[in-house]
Amino acid sequence: TSSCISTVHLGFGITSLPFPTSLPFIPASHRWEEEKKEDGIKWMQLEHRGPYFVPPYEPLPKDVQFYYDGSSTLELAVFFQKMGLYSLFQGQPLSSLSQEMTSEEQEIIKDLDKCDFGEIHKYFVDKNEARKALPKEEKQKLKEEADKIQEEYGYCILDGHREKIGNFKTEPPGLFRGRGEHPKMGMLKKRIMPEDVIINCSKDSKIPEPPEGHKWKEVRFDNTVTWLASWTENIQNTLKYIMLNPSSKLKGEKDWQKYEVARRLKDVVHTIRAQYRKDWKSKEIKKRQRAVALYFIDKLALRAGNEKEEGETADTVGCCSLRVEHIQLHPQLDGQEHVVEFDFLGKDSIRYYNKVSVEKPVFKNLQLFMKNKDPSDDLFEHLNTTFLNKHLQDLMDGLTAKVFRTYNASITLQEQLKALTNPEDNVAGKLLSYNRANRAVAILCNHQRSIPKTFARSMQVLQEKIDAKKKQVEEAQEEVKKAEDEFKDTKEAKAEVNVEKKKKLLQRLEEQLARMNIQATDKEENKQIALGTSKLNYLDPRITVAWCKKFGIPIEKVYNKTQREKFAWAIDMAGEDFEF
C-alpha cells in the first residue's frame, strides 16, 4: 500500500513551530518512582504538534498510460493512477471501487481482467530502484529531512518529560490489506484530512496549528485518556489513534500494571477453576455454558469474542460467539478420549484449528449444548460477552479474558524456561531453549504465520554453509591426527605446540558448526509460528530479564532495540530471582 496514490490533490503548507528539544534527564529508576496521580488521571500536561500528514498526490508523467482492453485514454489513466489499482488484490470486486469512478468510466470499465497496469507498475518499480541507487550524499540528505520531521512531530511534552510519540504520521491513502483473508481487502483507504482529526492536549498548552487553510474536527482537553489525536478510518469505521511510543513512561506504567493484574490472578486462579468445575454440574444451563466457556478461555487462551454487526467484517468469532459448526466431538481420536476439534476464523481472520482432549464433564456438556441444533446455531446461546465479563469482574477486580491469556502465557514461559534451560549449554543452546519456550506460548495463543516465500531458499543456503563447515571440521580432525602422530614420533616441543594449535582450531570450528545446526533447528521449528506477538503483548518481560541475568545472556540477544526501549521498566526492575 505504500506505493498507492491519493485521490485528493492537496498540499499542506506546514510551518515550523518552536518546540523544546531538550529537557532535564531523569534516570530510569526515578521515572517509575514519581508521585502517582488520582485514579483515572493520566497526565497534567500534554503538548504536541499534532499529526504529520503524508505528502500530497504527485501527478504521474503523461507518457505513463493505463490500458483497458488494449486501448488507452488519459482520463482513465489519471483515475487509475490516483487509485493505485496496479496493486489491486485478486478477487476484489470492481463494484467496491466503482463509486470513485465517473459515470463515463463506469460505462467503459467492466472487467478487471482487461485492465493493464504494466506501465504504471514499471514506473514505480523504476522509481524505487532509482531511490535505492541514490548517491550516499543524497541518501544522507533524505535521512536528515526525515530526522527533522521526527524531531518536530515525533515528540511531545508530558508532565515535564520529553516523550517519544509512536505513530505520529497519518496513514497514506491506498488499498486496504487487512490480516488473514479479510473480506474488505483491496478497498480504498481514503486520505486523512485535518477536518477528520480530533486533537487532545492540555488547556494551558500551545494547541497544535492545523495545516494552512484547514481546521481540526475538534480540540479536546481530556487527561483521562492517553491518545494525542484520533480519527475514524473509512474501511471498517473504527477509530485510529496517535499514541505515545511504547518506551514512554505512561506506556511503561500501563504495561507494568497489566502484568501486575495478571500476577494477581495466580492467587485466585485455583479457586476460579474449582468454581467453574462445580458449575459444570449446575441445574442452570446458563451457568453450565459460562463454566465451559471459561474453561476454554483458561485452558486454550481463546478470546471472549465480541458481537459484530451483520456483514460488517469477516465471519470471525471468539469463545462466546462459537457456533455448532465450529466444533466436532470425537469420543476417541488419535489414541485420546473426549477430543474436541475446533475450526473457525479468529481475530484478524486467522484460522484457529486445534484438536484438544478435554475433561469428560466438558465433553458431556458440549454434547448437551449441541443437541437438536443446526450447524449455524450458537453453541452457547445463553451466553454473551457482557454476561461473561461481569462474571469475570465478580471473580477478581480487573479480570478479563485477556488477563487469563496474559497469565497463562507468562506462566507457560516461566515453566518452560525452567524445564528446558540447561545451565551447561552455550549461549546459542540457551537461546534455542528460550525460543522453544516462547514457541510453546505462541502455539497456546494461536500466533501463526504463513511460511515465508524465501524460507526454502534461505534454508538451502544455511544447509550449504553447514555442509561446508562439516567439511572444514573433518579436515581439521585430520590435521589434529597428523599433528598428534608427528608429536608421537618426534616428542619435540614445537610439535606439541602445533597439536594444541590444531585442537583449538578444531574446537572453534566445532562450536561454529554446533551454532549453525542450532540455528537451522530453530529456523525450521519457527517457520509457521510468530514469536513476536506473545513476546510483545502477553509475556511479562521481567521473566525474560530475570532469565537473561541468571544465565548470563546479553539482553540484546533476546530483545531488539525497540523492545528494550519498550521494556525499559522491566530491565530496570527485575533481578535474576524474579518469579511471575
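The pLDDT is the predictor's confidence in each residue, on a scale from 0 to 100, and contact denotes heavy atoms within 4.5 Å. The structure is a predicted model, in which local features need pLDDT of at least 70 and side-chain atom pairs count only at pLDDT 80 or more, while totals for chains, interfaces and linings use all residues. Residues are numbered from 1 along each chain as its sequence is written, and side-chain values use heavy atoms, with hydrogens and water left out.

The protein has an average pLDDT of 82, and 83% of the residues score at least 70. Over residues 74-79 the pLDDT stays under 50, and the model has 12 contacts beyond four places in sequence for this stretch; it likewise stays under 50 over residues 81-91, for which 39 such contacts are present. Where pLDDT is low, the predicted coordinates should not be read in detail.

With a salt bridge taken as a side-chain nitrogen of Lys or Arg within 4 Å of a carboxyl oxygen of Asp or Glu, the count comes to 27.
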